[in-house]
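Please look over the sequence and the 3D structure below before reading on.

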Amino acid sequence: MASQEAEIGARSVIDISMTADVTELSEVVVSALGIDRNTRDVVYANQTVGSDELLSAPNKNTLEALRGKAAGVRLSTGSGSVGASTRIVLRGEGSLTGNNNALIVVDGIPINNETTRGGDGRSTSGYADHGNRFNDINPNDIESVTILKGPSATSLYGSRGASGVVLITTKSGKGKGKMQIGLNSSFSVEEAYVLLQRQNQFGQGYDGLHFDTGENWSWGPEFDGVVRPWTSPIDADGDGAIESLMRPYSAVPNQLEEFFNRGNTLSNSVNLSGSSEGFTYYASYSNT
């Protein structure tokens with residue numbers, strides 16, 4: 001209600017009619033269970049990142065978009081491939097044996113953000129990172145991301161929120177009357193940045209003297225460019241004759257650089273939003 005002043009004078013009874021007053025909060029934070037509260041009213045550490053800041057640079061994953069924008073947030077990616085899983089830890093590791101990942105809550109609903117793997121998980125027989133469920137959320141559909149830290153902020157989520165909570169608030173329809181249409185497009189290029197350093201002076205072998213096509217070590221004789229067998233003798237063409245492939249005894253230049261291809265990622269998304277009497281709507285479609 002609005003504050004009012006009335007002169008008392010000689011009156012013994014004063015009648016005052018209360019009038020409504022709209023006060024705009026300076027800053028609002030989404031707390032546990034999706035409740036909007038004034039930042040000054042909460043006693044625990046929190047930080048909110050808005051959609052404009054999240055989309056300041058093209059990102060295929062909203063967690064990756066948080067990198068460098070929130071204090072105390074550590075992000076690590078399983079691999080450099082598109083759609084790889086992302087791990088988020090708040091304020092460092094808190095357990096040696098438990099799960100240190102922050103709990104992800106989208107519009108009040110906790111989601112399972114564990115990594116989906118393929119193969120048997122061993123490097124010798126195959127491993128595939130299929131990403132985690134947070135990759136399914138379109139960054140353009142997110143209104144804000146609020147980071148809640150400390151036991152006071154996560155008490156409502158029990159033990160699942162012991163490592164912190166990341167609250168995601170998605171966009172909703174705004175405005176009155178006319179439908180609003182939004183279109184976002186982004187294109188990114190990825191290349192291998194750090195490659196294994198290898199020596200290009202010696203060939204297969206282990207004693208620096210004898211060339212051995214079956215040896216894994218690369219400390220054989222020094223490269224001299226002479227054409228010689230470079231594979232173990234096998235029947236490669238099925239004619240019964242044992243032969244070896246021949247090639248110059250020299251290093252292959254840019255072998256690792258030519259192994260990796262340049263990665264190109266194109267993302268397009270479109271959304272429809274608006275409101276009418278009694279309801280709001282927001283629908284979106286994205287393709288990467």
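The paragraphs that follow go through a sheet, its surrounding cores and some ring contacts.

This is a predicted model, in which local features need pLDDT of at least 70 and side-chain atom pairs count only at pLDDT 80 or more, while totals for chains, interfaces and linings use all residues. Residues are numbered from 1 along each chain as its sequence is written, and side-chain values use heavy atoms, with hydrogens and water left out.

Begin with the sheet. Five strands make up an open sheet with mixed pairing, in the order E3-E10-E11-E6-E7. Strands here are DSSP runs of E of at least two residues, and helices are runs of H or I of at least four, numbered from the N terminus; two strands pair if DSSP finds at least two bridges between them. At the edges are strand E3 (46-50) and strand E7 (109-111), each of which pairs on one side only. Strands of a sheet pair through backbone hydrogen bonds, either parallel or antiparallel. Strand E10 (residues 142-148) and strand E11 (residues 165-170) are joined in the antiparallel sense by six bridges. Leu148 has Val165 in E11 as its bridge partner.

Next come the cores. A nonpolar core is a set of buried Ala, Val, Leu, Ile, Met, Phe, Trp, Tyr and Cys residues joined through side-chain atoms within 4.5 Å; buried means under 20% relative accessible area, exposed over 50%, and partly exposed in between, with a 1.4 Å probe and protein chains only. The largest nonpolar core holds 20 residues, and Leu66, Ile88, Val145, Ile147, Val166 and Ile168 have the most contacts inside it. Two or more residues each come from helix H2 (62-65), strand E4 (73-77), strand E5 (86-90), strand E6 (103-106), E10 and E11. E10 gives the most, with three residues. Apart from this core lies another, of six residues, including Leu148 and Tyr157.

Last, the rings. Four aromatic pairs are found in the whole structure. Rings of Phe, Tyr and Trp (its six-membered ring) pair if their centres lie within 6.5 Å; planes under 30 degrees apart count as stacked, over 60 as edge-to-face and the rest as tilted. Phe202 and Trp219 have ring centres 6.0 Å apart and planes at 50 degrees, so this pair is tilted. Both lie in the loop between strand E12 (180-190) and strand E13 (227-229), so the pair ties together parts 17 residues apart in sequence. Phe202 is partly exposed at 24% relative accessible area, and Trp219 is partly exposed at 46%.
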